[in-house]
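Dear colleague,

I am handing over the structure below, and after it I set out what was found. Please read the notes with the coordinates open beside them.

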Amino acid sequence: MAYVAPIHRPNSVRHAVRAHLFPGEDECLVLAKANRLEFWKVDEDSALLSQFDTKVIYGTISIVQRIRPRDADTDMLFIGTDRFQYFTIAWNPELRAFETVNSWFDVGEKHLRDSQSQDKCIADPTGRFMVVLLWEGVLNILRMSPKKSQKQIVHWDDQVRISELFIKSATFLHVETGQPKIAFLYQTRTDIPDAQLVTYKLYSDEKNTQASRFETRDQLDRFEIQDPGAAMLIPVGRGEEDHKRYIIRNAAQARAQLGGVIVVGETRLLYYDDAAKKTVETALAEASIFVAWAEYDVSHYFIADDYGVLWLLEIQLDGGAVVTGMNMQKIGTTSRANALQYMGSGLLFVGSHYGDSQVFRVDTESSWKIELVQELRNISPVLDFTIMDMGNREGEEQATNEYSSGQARIVTGSGVFKDGSLRSVRSGVGLEDVGILAEMENIRSLFPVQSRSSAKTDTLVVSFLLETRIFKFDPTGDIEEVDSFKGMSLTEHTLLAQNISHERLLQVTPTAVCLIDLEGGVALSSWQPEDGGLITSASASDEWVLLSLDGKSLLSLKIQEDLIQTQHNDPGDNDQIACIHIPPQYPGIGVIGFWKSGRVSIVDVKTLQPLHSESLRRKDDNTSIPRDIVLAQVLPPELGGPTLFVAMEDGLVITFNVSPTDFSLSGRKSVVLGMRYARLQLLQRGHGIYNVFSTSEHPSLIYASEGRIIYSAVTADDATCVCPFDTEAFPDSIVVATENTLKLAKLDRERRTHVQTLPMGQTVRRLAYSRNEHVFALGCIKREVINNEEIVTSSIKLVDEVIFDQVGKDFILNNSSETEMVEAVIRAELPDSYGKRVERFIVGTSLPDDTQSSARSRDQVKGRILVFGIDSERNLYQVAQHELKGACRCLGMIGDNIVAGLAKTIVVYRYNEVTSSSARIDRLASYRPSTYPVDIAINENVIAVADLMKSVTLVKFTPYTGDEPPKLQEIARHHHAAWSTTVSHVEESSWLQSDANGNLMILNPNKEGVTEEDKKRMDITSEINLGEMVNRIRKITVDSSENAVVVPKAFLGTVEGGIYLFGLIAPRYLDLLIRFQTNLASTVQCIGGLGFNQYRSFRNEQREGAAPFRFVDGELIERFLDVDEEIQEQICTGLGPDVETMRNLVEELKRLH
């Protein structure tokens, strides 16, 4: 029933490790992003990070750690998922692939209490012992096998109870005895902050066979840390071998030496040498909250704090080994770091969940200053987003159509605090404007020409309905329009202009064909139709010109010293010629499209006799008329022959595989690229391979990737025709004509996600989009540290949709005594005091009462509803405010009434604007949900309330009916518990809900129930676990065709930075896709040996499913295109449709996003 696929894959970096995985190569960087492992290495040429591999895992990655087998030269990776599945992988040099070495499942999951801190995995300095912290008060001990024959085997030694429940940090210490020693930094009580440090031996015997019991008598050291905010331990190595450690018998004279541990607090640093039992403490000049660290060497460490400041911690040494003090200095500003890794050669990687991940070059020789050299885009967390369809800006509904994936612009509020930003996300082939050449209308065709014998183009021929204009480009980039050029006819429409061999230029106009000498600028030969006929279309190679006369006759001219007519052919049955084409790689043939019969023919240009013909008509569809044709080598020659593309009148593009020997046609496919016919333009890619640019109301680029032909939307709004234009000043460019502009642009070679960033420097918590005002309204939260005090303020900002920059003045939400937080922002059209509908932004806020205890503050908060207008200078002004006794968490509209989700209450308000600057907001009706509303969705007069703990309730609003006052009445409820995050209407009585466990559920009232109570019960009709928590769901309305496999219904934004497309599967395809997914899940495996069904099955505290239920995962479906044909045949066994049909089906699904 339901379908979900990623548009923008999550790119939040939660974990990063540096590991030596490949023999004979340097260490690489391994990043964990949701369910993907990415492998990066330092490129030798650019000295920057480059990605060289990605592995998908059937699980959300929660742990990544490197370990090293005994006497091995390379590392292994230990991976853990949020479902407590663990495995190790290692590189197999013979297979040249990663292979799974070990795998486990933690059986303690069912009865142990989850750790209150993040899952942790630490390895000792040798890489042979590990401790995994998953459960409160439980330690999992693992070790590499000591046997050489089993050196890659990891043994799960023991699961030990410990008394330290809330562990802030843990690390192994550097020891010389061979007995691993571990240190815990923990908090004794959850309600009162404190910090205690304790150390244990991991094993109780010298042979490391019996795990320690971690009881009080097993403690080696234990003492309180004076800084209760301490939350980080850094193990310190013992340094160079020549720095020997001297044991002093008199403990009073012993001094702290390298080999201990640093406790990093908010206000002080403590170094503890566990061997000498000595401490060295240093107070910090400036307090901060430290979150990540990376080692440069044994005496220098990079440390990142919560405010995006990067510090250098230096251990001050006496004699190279004795620790005398520590020093911290600021060296720069970064994104708020989740992971730091020093890659060597002065490169420091900063992995972030709150902003872009970054690579810095560190001046390690003198000042330790950092320079940003590379950014890895990250839009997590997506706190809110809105959809802006570039092809449809009219009306209230966020409508799009099935062809406009490249025109759909998703604008997200991303990042946290200083890394907060507004991101514009578009998926497609990027078209970046270089400059506007001229403002002109009604351009019919564009042709690039070389005015002299050179490899570069320097002249642009622009053809209009009644004239032709010429633009000259010099090597410096200067552009000049000329009145004449090489004797070309400029007083009529040019059908074709191209260079041919021997420094000649061919021009075809409706009245003549002219062969021009470029050096002398004179016509060498010309040909004109007899009896006043007109040339309607033309195509040419170096040897032949193929013409259509009056659309009725086909003519070929031989290009020698003169233009010599060789053949003339009239189509039979009074047919007409719609389009013609001579392929650049096969100049001996021509491709003809016929108007009346709706067929396409490949002819010999010498004889004009057809070699092969193919009907394009579907049954009796007389609108299927070919309007443009190209034949070119799009796939690499080793993967396939040339492809014929036929653009039809109704927006279809039909393709055929063409035999390079006899030019026979096979493998017909059809793709919808628009509502009207497309114009096709070849763009040379190199090595004899071409791309095809399709211009219709939604331009597309057709190219080869991963062994198949890809159709991808281009991020251009209104291109009417294009041509390649490779000049000295503007290499590898194209010229694009729109309805009123001629411009120069750069085109990407293939599709990618385009992210445009507007840094805000504060959290963009909520946003709304106004089509009429062409602005986004942002609800922002700013955090500043002033005089060691954290100050938080909220404001409303406006951002222009075109220039993508801030306009107007900020409206600060300033309450004199309390901090007011923005909670909701929506856009609405409301009647003003004259009854005219005007644009308004409605804002909901909360005012926490700091005087109340934290346990009661949620019930005691206050809030406001604010209504804003926009003046002529694009500044916000307040129209109305309404004070509330509870926080306003969410807002919506039913007609002209405002629906507000308050603390424990849903309220409908009537809005009445008295003057242009004042209005009344009156309460009409209210409803009390189970606990706390976190989101609402509205369809007509039905409100879906997403409850914090009790799933979804449907409430119906009834306005005044006679003497009956307005009321809110519960009409349906989902009775299962779920920690809801957001809800959206899908269609009719279906609703899409997400929860904090990453589950997606489609809920429907049981209309077939026997009793009234049964009919009010909402049932789950589809469910899947996305593996990421969804923050926002936005409904879209799509005008799809009757034959659509999936109809898009919504976009989803997640905490990890993923954007997903949600749709409903057409009933006739539902059974096929579910069986197809089942076959794929059992055939297509991933590293780790984890199962797809378990990964995508529903899971929360109450129950766990066996597999996704009536939900299809588009990411898995699209992997069908990546497997060998033999495996594809195996997957399709028993489905019914053949491999080619399923391949076309998957490609159609992939084009949705």
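Helices (H or I, at least four residues) and strands (E, at least two) are DSSP runs, numbered from the N terminus. This is a predicted model, in which local features need pLDDT of at least 70 and side-chain atom pairs count only at pLDDT 80 or more, whereas totals for chains, interfaces and linings use all residues. Residues are numbered from 1 along each chain as its sequence is written, and side-chain values use heavy atoms, with hydrogens and water left out.

The residues of H3 that are buried (under 20% relative accessible area, with exposed over 50% and partly exposed in between; 1.4 Å probe, protein chains only) are Leu-1070, Leu-1072, Leu-1073, Phe-1076, Gln-1077, Leu-1080 and Ala-1081. H3 has 17 residues (1067–1083) and should span 24 Å at 1.5 Å a residue, which agrees with the 25 Å between its end C-alpha atoms; the expected span is 1.5 Å times one less than the number of residues.

Two of the covering helices, H6 and H7, pack at an angle of about 95° with their axes 9 Å apart. H6 is therefore roughly perpendicular to H7, the class for 65 to 115 degrees, while under 35 counts as roughly parallel, over 145 as roughly antiparallel and the rest as oblique. Axes are lines fitted to C-alpha atoms, for helices over the stretch in contact, and angles run from 0 to 180 degrees between N-to-C directions.

**Aromatic pairs**

There are 32 aromatic pairs in the structure, which are rings of Phe, Tyr and Trp (its six-membered ring) with centres within 6.5 Å, stacked if the planes are under 30 degrees apart, edge-to-face if over 60 and tilted otherwise. One of them is the edge-to-face pair of Phe-473 and Phe-730, 6.5 Å centre to centre with 90° between the planes. Because Phe-473 lies in strand E37 and Phe-730 in the loop between strands E59 and E60, the pair ties together parts that are 257 residues apart in sequence.

**Cys-723**

Cys-723, found in strand E59, is buried, with a relative accessible area of 1%. Cys-723 and Leu-446 are 277 residues apart in sequence, yet 5.9 Å apart in space, C-alpha to C-alpha.
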